[in-house]
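Here is a short report on one protein chain. Look over the sequence and the model first.

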Amino acid sequence: MKKQDDSAVRASIAEGDKLGIDSTPTMFINGEKFTGAVPEDELRAVLDRALADSGQQPPAAAAKK
């Protein structure tokens, strides 16, 4: 097997280290860090708030199944 260039992966790891990322998934929404499995209701609220803060209308709540 031929060795492949891993510089992009190493750069990504270095960037994650600088940001303090120590688990996946990790998301940043408007500078707020979320790690692990974020409950749907909490994630929707955070995204709706971020949209409203940027002057956009959050989508109507999806109907529960």
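The report below goes from overall layout to local backbone features.

## Basis of the model

This is a predicted model, in which local features need pLDDT of at least 70, side-chain atom pairs count only at pLDDT 80 or more, and totals for chains, interfaces and linings use all residues. Residues are numbered from 1 along each chain as its sequence is written, and side-chain values use heavy atoms, with hydrogens and water left out.

## Overall layout

The protein has two helices and two strands. Helices (H or I, at least four residues) and strands (E, at least two) are DSSP runs, numbered from the N terminus. Along the sequence, the pattern is α-β-β-α. The radius of gyration is 17 Å, well over the 11 Å that the globule rule gives for 65 residues, so the protein is more spread out than a compact globule. That radius is taken over C-alpha atoms, and the rule is 2.2 Å times the number of residues to the power 0.38.

Taken along the principal axes, the C-alpha atoms fill a box of roughly 50 × 30 × 20 Å. Among contacts (heavy atoms within 4.5 Å) between residues at least 6 apart in sequence, 0% join residues at least 24 apart.

## Burial and core

Of the 65 residues, 11% count as buried. Buried means under 20% relative accessible area, exposed over 50%, and partly exposed in between (1.4 Å probe, protein chains only). The largest nonpolar core has five residues: Ile29, Phe34, Val38, Val46 and Ala50. Such a core is a set of buried Ala, Val, Leu, Ile, Met, Phe, Trp, Tyr and Cys residues joined through side-chain atoms within 4.5 Å.

Leaving out residues up to four places away in sequence, Ala50 touches Ile29 and Asn30.

## Helix α2

Helix α2 covers residues 40-53, 14 residues in total. From first C-alpha to last it reaches 20 Å, close to the 20 Å expected at 1.5 Å a residue. The expected span is 1.5 Å times one less than the number of residues. Just after α2, Gly55 takes a positive phi of about 85°.

Most residues other than glycine have a negative phi, and most peptide bonds are trans. Pro25 sits in the loop between α1 (7-19) and β1 (26-29).

Asn30 lies in the loop between β1 and β2 (32-35). Asn30 is exposed, with a relative accessible area of 62%.
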